[in-house]
Amino acid sequence: NTNMAHIIKPAVAILRDVQAVGTVGGEVTDAMDDSVQKRTLNTIFGESWFVTLSASVFTLEPGMYKFNCRAPFYQTHYTTMGLYDVTNSAWVPAATDRTYFPAGQTGNLAFDAVLTITSSTQFQLGYTVNSGHTHSTWNLGVGQTYTAAEAISVFAEVMIEKLK
């Protein structure tokens, strides 16, 4: 039997926005026209042979991928988060529904997607925020206050599993 698909182990890479303890996630950018804003991604964990990361944009070669994405938001009112295909200027059809985070409320947006791409493609973890939100340096994450030497703050995460 020459079909080896049954023994291939998927590879997993995790892209995160990792900051030092005491750092806050930052203020959202106003987007009255629902233009895509970019979440920061600055660190790769796990297997990175199938993904490159530069300036919060990651590139994947042709294949099938499973994505698990999450990020915090604070007081951002009407907020949507999704995977944005930079190469083709289009949202991947798995973005979160618009969620409302009023003053004083924080939460995580998360979504999963499976996608097959046929050519090298650039992506970013994107979001839109409608008007009326409260400006705060905590809009993109409140931050870790635990002071142990190994502590970090994680403000966004994209887990990518290469399926084929």
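Because the model is predicted, local features were required to have pLDDT of at least 70 and side-chain atom pairs pLDDT 80 or more, whereas totals for chains, interfaces and linings use all residues. Residues are numbered from 1 along each chain as its sequence is written, and side-chain values rest on heavy atoms, with hydrogens and water left out.

The secondary structure consists of zero helices and twelve strands, where helices (H or I, at least four residues) and strands (E, at least two) are DSSP runs numbered from the N terminus. The order of elements from the N terminus is accordingly β-β-β-β-β-β-β-β-β-β-β-β. Of the 164 residues, 43% count as buried; buried denotes under 20% relative accessible area, exposed over 50%, and partly exposed the range in between, with a 1.4 Å probe and protein chains only. The accessible surface amounts to about 8,400 Å², and 53% of it belongs to carbon and sulfur atoms. These areas come from the Shrake-Rupley method with a 1.4 Å probe, and for residues only the protein chains shown count as cover. Among contacts (heavy atoms within 4.5 Å) with a separation of 6 or more, 80% involve residues 24 or more positions apart.

The largest nonpolar core comprises 31 residues, and those with the most contacts inside it are Phe58, Leu60, Phe67, Leu125, Val158 and Ile160. At least two residues of this core are supplied by each of strand S1 (11-19), S5, strand S6 (63-74), S7, S10, S11 and S12. A nonpolar core is here a set of buried Ala, Val, Leu, Ile, Met, Phe, Trp, Tyr and Cys residues joined through side-chain atoms within 4.5 Å.

Side chains of opposite charge can pair when their charged atoms come close. A salt bridge was assigned where a side-chain nitrogen of Lys or Arg lies within 4 Å of a carboxyl oxygen of Asp or Glu, and the count by this rule is two. Glu157 pairs with Arg16, the closest N and O atoms being 2.5 Å apart. This pair joins distant parts of the chain, with Glu157 in strand S12 and Arg16 in strand S1, 141 residues apart. Glu157 also forms a salt bridge with Arg70, at 3.4 Å from N to O. Here too distant parts of the chain are linked, Arg70 being in strand S6, 87 residues from Glu157. Glu157 is buried because its relative accessible area is 10%, whereas Arg70, at 37%, counts as partly exposed.

Glu161, found in strand S12, is buried yet has no salt bridge. The nearest side chain of opposite charge, that of Lys66, is 4.6 Å away; Lys and Arg count as positive and Asp and Glu as negative, while His and the chain ends are not counted. Apart from residues up to four places away in sequence, Glu161 touches Pro10, Ala11, Val12, Met64, Tyr65 and Lys66.

Val114 belongs to strand S10 (residues 106-117) and is exposed, with a relative accessible area of 55%. Neighbours within four places in sequence aside, Val114 is in contact with Met64, Tyr65, Lys66 and Leu163. The C-alpha atoms of Val114 and Leu163 are separated by 9.2 Å, the two residues being 49 residues apart along the chain.

Asn139 is located in the loop between strand S11 (121-129) and strand S12 (153-162) and is buried, with a relative accessible area of 0%. The side chain of Asn139 reaches the backbone oxygen of Tyr74 at 2.8 Å, and a polar atom of that side chain lies 3.3 Å from the backbone nitrogen of Val28. Polar contacts are pairs of N or O atoms within 3.5 Å; within protein, one atom must be able to donate a hydrogen and the other to accept it, and residues adjacent in sequence count only if both atoms are side-chain atoms.

Most residues other than glycine have a negative phi. Ala55, by contrast, has a positive phi near 50°. Ala55 is placed in the loop between strand S4 (51-54) and strand S5 (57-60), and counts as exposed at 62% relative accessibility. His77 likewise has a positive phi, near 55°. His77 is found in strand S7 (residues 77-85) and is buried, with a relative accessible area of 14%.
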